[in-house]
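Hi everyone, thanks for coming.

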Amino acid sequence: MSDSAKYDVACTSSGVDRGGKLGTIGSAAKAGICHSFSADGRCISLLKVLMTNVCIFDCKYCVNRVSNDPVRVAFTPTELAELTINFYRRNYIEGLFLSSGVIKSPNHTTEQMIKALDLLRNVYHFGGYIHVKAIPGADSELITRLGVLADRMSINIELPSQESLRLLAPDKTKESILRPMGLISTKIQENSTDLVKYRHASKFVPAGQSTQLIVGATPDTDHKILTLTEGLYRKYHLKRVFFSAYMPVAEHSLLPSVDIRPPLLREHRLYQADWLLRFYGFEAKELLDEQNPNFNLQVDPKCNWALNHLEKFPLEVNKTPYEMLLRVPGIGVTSALRILTARRNGLLDFSGLKKIGVVLKRAQYFITCQGKMMEGLRISSDGAIRALMADQYKLPAPYSEQLSLFTEPFLTREDVQQCLTGQV
Amino acid sequence: MSDRTGVVYAYDGSFEGLMCCVFESYEQKEIPNDIQPAGLHQSQQSLFVTEKWIETDKPKADRVFNSIPMKISTQAQELVQLGFLTCAPHKELLIYRFLRLGFRHGSKVMAMLTDDIVNSLQKAVRHLTSESHKFKGFVRFSVYGEVLVAVIEPKNFVLPLLSPHFCDRFHNEAFMIYDKTHSVALIYRSPKAELVFVDQLTLPEVEGTEVEYRRLWKQFYRTIAVAGRNNPRCRMTLMPKRYWGQMTEFDETEGQEISKDSTQWRVAETATEKLQNSIESSDSPFRYSKS
């Protein structure tokens, strides 16, 4: 059953802290715990399964679509609870991730899921993490009941635009996805005021909600996806937006052909940008615009931004405020905070920065220590760009041809920058 | 303070013992070249080294330990406690030097991130805490009757850090986590947890249901990976191979678990000595002594 569920990328167990209780099993840790890593390098933390792979919907990209013909099976609530508890006792998992195909109707499916979770929470007294998928089109009242039993709830948008949805997922509409999302968001807020009023008010999805977008199934640009992501964080207060490089599992005239390779690097860039939005104080419009609607596959989004704003650099490490330190390539949240701490004690130099954990290989071109650039550094910005480009050998095969561009000895700065920003 | 070259302190290997070494150094106004736990020093004895045995004395140790939050900070005290659990080479000397620095500079020492001593100690502690965080996920229990048993082979002494997590999570279970590297087992039976020396651990054959759940887990593990995204290097970074040995999903011996003699699992007879301070939840989990 997890064979079909595996294309869901969300697998975090973070966001709630809950201690164990007498007579129950399980707890949840705020930071999340990975219990294993699968061969594709992704974290396994939750038992990711479908209630059933029976589905009345016909989403073109999905293995379980009604027009496909896999073996159809279903879990009974008891089987599911037994399996979860037994995996949990052996510390295989951090909790359950329950999704489902749509059987009979969205409401009927949701009722089945409520039954399973209710059994797990109230009969087996399971206190671990539960992530549940809300079914698009289910009634508000049912979604509310489901939310009280789970830690996190998610509804996958999958396709970033209305047109794509209409073409590839004819049974879903933007409305049927966004309405429950809005509902969950309001419920969470209502609930937080309730909790202030009554300490024992039951918690509604305490770890918040998340969603997933498929990358590369439709012609939507990175700009569109990232702007949508930003909107979701702002408007619906989502905890996470996950991106999933499109894995061709189904043949259809409207989809990319089955033998294309999944755009993993593009997915990676989107995640990097997502981090910049959530932790680095960037805005989507700073990273991409109508003229440059897609990410540069050669350099990460932060580096790209820095190279396009060379006028803001170099920055003096001993004076720069936190917000700007975060914008220096090679300095992350942890090292920026450490710089603030260490600065209280005296001036920093390059060897000190290295000890703190700053990646000087990147940062050296964008900072000064006590007014000086790093020793032996060629100060020209071309040098900076070229050195940063030297990381390119790490790129997978399809991108490596572009390396030859840079083996030519004389390049003007404009040339390189044009390449970097993809304006060639 | 005179630096009598060549003095090496030897102590009993306990945290209190180390605190007494610090005491001795200040009392005698001497700076040791090294501080070594008992058992190690004989092999490394050289001609020019004067070795000095430092007796462990609880009141002295307490004086040093209690002075840390007063003269430096509580964070420094915690760092020292954690530092003692790490696998850093010459951790004793590192802690000693850190304390000297701390007693001179006060609470400021915690912000001296570019100082080599502070930096090394913090790095060692980060290694410890990240390893212990990993083990929160990577520990694999097997069910023997009513008892859960797991074996781990960590580099650092992580059991004191794992204890609160697992005791909280498996509140009503009885379990044991055996640290093969340090020959110590964490044994929990509600409401008490303790650390016990265990030389050897023989586990009996597992039952049918256990075999079945192991099989299911392996199947889940294999299925969940998306073939088109195969990325062994990424997996190796996040979960280095040294953890694989004790993890169910990498266990090749399908169904025929190993047991040589007995049908009962037993702790070897030598495993009688309990660690000095058993770790009862909030009680400082860091103090323990090695014989």
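So, how far apart do the C-alpha centres of domain 1 of chain B and domain 2 of chain B lie? They lie 40 Å apart. Those domains run 7–131 and 208–250, with bounds that come from an automatic or database domain assignment.

Quick housekeeping. This is a predicted model, where local features need pLDDT of at least 70, side-chain atom pairs count only at pLDDT 80 or more, and totals for chains, interfaces and linings use all residues. Residues are numbered from 1 along each chain as its sequence is written, while chains are lettered from A and ligands numbered from 1 in the order in which they are written.

Now, chain A against chain B. Chain A puts 42 residues into the contact and chain B puts in 38 residues; being in contact means C-beta atoms, placed from the backbone, within 7 Å. On the chain A side, the elements giving two or more residues are α1 (2–5), β1 (36–37), α2 (77–89), α12 (333–343) and α13 (350–356). Those are DSSP runs, numbered from the N terminus: helices are H or I with at least four residues, strands are E with at least two. By class, this side has 16 nonpolar, 16 polar and 10 charged residues.

Next, inside chain A. Its domain assignment gives domain 1 (2–287) and domain 2 (301–421). Between them, 10 residues of domain 1 and 7 residues of domain 2 are in the contact. On the domain 1 side, α8 (264–279) and α9 (284–287) each give two or more residues, and α8(A) gives the most, with 6 residues.

Methods: Contact = placed C-beta atoms within 7 Å. Nonpolar A, V, L, I, M, F, W, Y, C, P; charged D, E, K, R; others polar.
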